[in-house]
Amino acid sequence: MTMSFEKLHEIADCALERHIPFWKVILEDDCTERNISAEESFETMRRMYRAMKEADEAYDAELRSASGMAGGDGAKLEQFRMQGSHLVGDYLSEVMEKAVKMAESNACMRRIVAAPTAGSCGVIPAVLLTYEKQKGTEEDRMVEALFVAAGIGEVIAASASIAGAEGGCQAEIGSASAMAAGSVTYLENGGEEDIVHAAALALKNMLGLTCDPVAGLVEVPCIKRNVSGAVNAVTSAQMALAGIRSVIPPDEVIDSMRRIGKLLPACLRETSQEGLATTPTGQQVAKRMRG
Amino acid sequence: MNVFDIIGPVMVGPSSSHTAGAVKIGYVSRKLLAEPLKKAEILLYGSFLATGKGHGTTLALVAGLLGMKTDDSRIPDSMRIAEERGIEIIFGEAELRDAHPNSVQLILTGIDGRKLEVVGESIGGSRINIAGIDGISTNFSGDYPTLIVHNLDQPGHVAEVTSMLAHKSVNIATMQLYRASRGGYAVMVIECDQEVPKESIAWLEHLEGVQKVTYYSLKDGE
Ligand code: SF4
């Protein structure tokens, strides 16, 4: 059995050949790699899921980050949703809210789960926690969905990158979005093909996204990008579940992400030397933080 | 990389390199000091110095020095807790040459007077590298139990240490040797697959030619 997959189709093929679900392929790979029992692996993932939930529940609207740029927006979305005034439906409305809340909690030094990174920590919990809450899904199944996300993330990490400093924001919010897309497709009873194509469709929308955080802080544009990553995951899943396929096969999409990341100049890979970071306002914030 | 590097770790934000990595550097350094902390000079370098404030890097380093792990929700309060415990904390800028952009130099003093100088680097994700101890360059991650022996640069010390480990059924994962100058003093850094028993460390400390033994255990509170 192969250790740590480098291609999405390897996971999908393995699942089909062995007649086991996608998530189980990932779990078994973890057991082999770390020499642990299936139960231990599953329970560790459950802890991650619960930590996400606790982080969401612990959101504090009063907190502000050290820069003063971040905090309180999650509560605004919540209020807007509670008033019943939402442009998008119930599900997406709450997904957006949870994405901002988690990313704000991160900026305000609260406990979160990096998924795959701290900067992109809002995407996956937003999609999954809202799903569980609104559909009343069993926790075990949510944990399985996290394994699906982890498998997609592992492939992207092995074949491209999940670090903004290496591949730009496509590697962080883009990867998180692809992971969330695959996992919610699984929850909606999508098959292997649907899962990997949902991931591909999500990732394609994020290709080329730069990492240009203001003052080098994980706040602007990171927090609100968690929202676009989460919403993009849901719309991509919807497409895949409707039978839409990515014309470019999923593994080729990931490879193009790798190549694009390599072509991105260093000034757009977390160094804060271009883009939003060097706008007049961005520079003002940076100056204030240095002072 | 395993799946829990992808989904995980559970950590206090905002940044895996500038916050979680910094906690880990502090944590490993405190354990290396091997006695309760009395005073810490925290000298920042590179991006730690430039963006550390907004990332809570200083709070994170202090939290680690207090023995907190990367998911401890008291990290933002670390300065206050240090003050309560009567620990003196001094911040400054490090003068390091060609260091990793996310580096810190820690100069620590324990309550019984033991001193330790550590250079730590946060090298991506929440992974770290201890790049220097007491002026000698090193390379270890804090992912393994690690034994560091300062000894006079004389024949036989490496054999003594490795045979002791073999005798205690401790397998060596990596081993590095450094020396300040020929015939001066040398340092062995040994990452192990198992914990080194306490009595073996005490035995090493009394060995002739051994000047200092530092041990990093993965077990809590040691
Ligand atoms: S902009 Fe950069 S720091 Fe912010 S989430 Fe994207 S990759 Fe992470």
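Buried area is the accessible area, taken with a 1.4 Å probe, that two parts lose on being put together, summed over both. The views below show a predicted model, in which local features need pLDDT of at least 70 and side-chain atom pairs count only at pLDDT 80 or more, while totals for chains, interfaces and linings use all residues. Residues are numbered from 1 along each chain as its sequence is written, chains are lettered from A and ligands numbered from 1 in the order in which they are written, and side-chain values use heavy atoms, with hydrogens and water left out.

**View 1. The interface of domain 1 and domain 2 of chain B.** Domain 1 spans 11-133 and domain 2 spans 146-216, with bounds that come from an automatic or database domain assignment. Their centres, taken over C-alpha atoms, are separated by 25 Å, and the contact (heavy atoms within 4.5 Å) draws 8 residues from domain 1 and 7 residues from domain 2. Together the two domains of chain B bury about 640 Å², with 63% of it on carbon and sulfur atoms. On the domain 1 side, Leu32(B), Arg114(B) and Ile133(B) supply 61% of the area buried against domain 2, more than any other three residues.

**View 2. The interface of chain B and chain A.** Here the contact involves 28 residues from chain B and 40 residues from chain A, and the buried area is about 2500 Å², of which carbon and sulfur atoms give 68%. Within chain B, the residues that lose the most area to chain A are Phe4(B), Ile6(B) and Ile7(B), which together account for 28% of what that side buries.

**View 3. A salt bridge within chain A.** Arg34(A) pairs with Asp30(A) in a salt bridge whose closest N and O atoms are 2.7 Å apart. Because Arg34(A) and Asp30(A) lie 4 residues apart in helix H2 (residues 22-34) of chain A, they are separated by about one helical turn; helices are DSSP runs (H or I, at least four residues), numbered from the N terminus. Over all chains, a search of the whole structure finds 26 salt bridges.

Conventions: Salt bridge = Lys/Arg side-chain N within 4 Å of Asp/Glu carboxyl O. Helix = DSSP H or I, 4+ residues; strand = E, 2+ residues; numbered from the N terminus.
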